[in-house]
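Please look at the sequence and the structure first, then read on.

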Amino acid sequence: MLNIVIFGAPGSGKGTQSDKIIAEYGVEHISTGDVLRAEIKAGTELGKTAASFINDGKLVPDSLIIDILASVLDAKGKDIKGVIFDGFPRTIAQAEALNSMLAERGQAVSTVIGLEVDDEELIKRIIARGKTSGRADDNEETAKKRLNTYYSQTLPLKDFYINEGKYAKIQGVGSIDDIYAEIKKAIDAVK
Ligand code: AMP
């Protein structure tokens with residue numbers, strides 16, 4: 001079972017590259033951001049709680065996200081080739097929860113694809129995406145808050161996964177296909 005974590009700041013290309021990985025390896029996509037946006041659209045209580053954090057560039061509390069992840073993972077069933085985790089984990093607590101969840105299922109994280117992009121480029125990409133994404137958090141002010149959140153709460157995960165020997169550093173700037181070629185090498189090395 002191929003369990004890939006795609007990791008990087010907002011705007012680093014996680015969604016774009018996830019699509020290519022799914023097309024090639026047939027893994028299931030779990031994007032916690034997509035799950036939360038669907039809840040917001042459906043007007044659920046969870047969606048209402050999540051929106052207040054998302055629109056302020058903050059993380060949704062770990063307990064909520066970990067529960068969501070567990071139920072989405074269970075819903076995928078056992079007959080799958082693997083999963084790409086997109087936008088999860090975002091904190092050390094979430095990474096530890098993911099390790100436990102996978103261990104309970106006799107599995108582990110196979111590799112962490114770390115897309116590295118400089119801040120200036122990230123902000124530029126998020127603002128450009130905001131013109132078509134319809135996402136309330138794709139504007140300059142919220143993007144800057146999201147980047148601060150990323151540096152303080154999510155980036156520590158890079159060392160967490162380096163220590164586990166699972167971090168594959170990928171230069172996330174250049175053509176989509178060239179970046180993907182590097183990702184493919186990293187995935188094939190653990191397949
Ligand atoms: P994304 O689509 O991954 O950029 O996520 C959009 C927003 O949803 C983030 O800025 C967070 O507010 C929230 N979110 C998504 N995934 C998580 C997560 N794993 N932990 C906490 N908050 C999350």
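The shell around the ligand is made up of 6 nonpolar, 4 polar and 6 charged residues. The model is a predicted one, and the values below are computed from it.

**Around the ligand**

Of the 16 residues around the ligand, the nearest are Thr32, Arg37, Lys58, Gly87 and Arg90. Helix 2, which covers residues 32-42, contributes the most to this shell, with 4 residues.

How much of the ligand does the protein bury? The ligand taken alone exposes 470 Å², and 96% of that area is buried by the protein.

The ligand takes up the space of the largest pocket. This pocket has a volume of about 980 Å³. Its lining consists of 45 residues, and those closest to the centre of the pocket are Lys14, Arg90, Arg129, Arg135 and Arg146.

Which elements give two or more residues to the lining? They are strand 1 (2-8), strand 2 (28-31), helix 1 (14-25), helix 2, helix 6 (119-133), helix 7 (140-154) and helix 9 (176-188). The largest share, 5 residues, comes from helix 2. Helix 2 also gives the most residues to the shell around the ligand.

Sorted by class, the lining of the largest pocket holds 15 nonpolar, 19 polar and 11 charged residues.

**A cis peptide bond**

One further feature concerns the backbone. Phenylalanine 88 and proline 89 are joined by a cis peptide bond, with omega at about 0 degrees. Proline 89 belongs to the loop between strand 3 (82-86) and helix 5 (92-104).

Technical notes
Residues are numbered from 1 along each chain as its sequence is written. This is a predicted model: local features need pLDDT of at least 70, side-chain atom pairs count only at pLDDT 80 or more; totals for chains, interfaces and linings use all residues. Side-chain values use heavy atoms; hydrogens and water are left out. A residue is near a molecule or strand if one of its heavy atoms lies within 4 Å of it. Accessible areas come from the Shrake-Rupley method with a 1.4 Å probe; for residues, only the protein chains shown count as cover. On a 1 Å grid over the protein atoms alone, a cavity is a set of points where a 1.4 Å probe fits but cannot get out, and a pocket is an open set with protein on both sides within 12 Å along at least five of seven lines; lining residues have an atom within 4 Å of a point. A molecule sits in a cavity or pocket if more than half of its atoms lie within 2 Å of its grid points. Ala, Val, Leu, Ile, Met, Phe, Trp, Tyr, Cys and Pro count as nonpolar, Asp, Glu, Lys and Arg as charged, and the others, Gly among them, as polar. Grid points are joined across faces, edges and corners, and a volume is the space filled by probe spheres set on the points.
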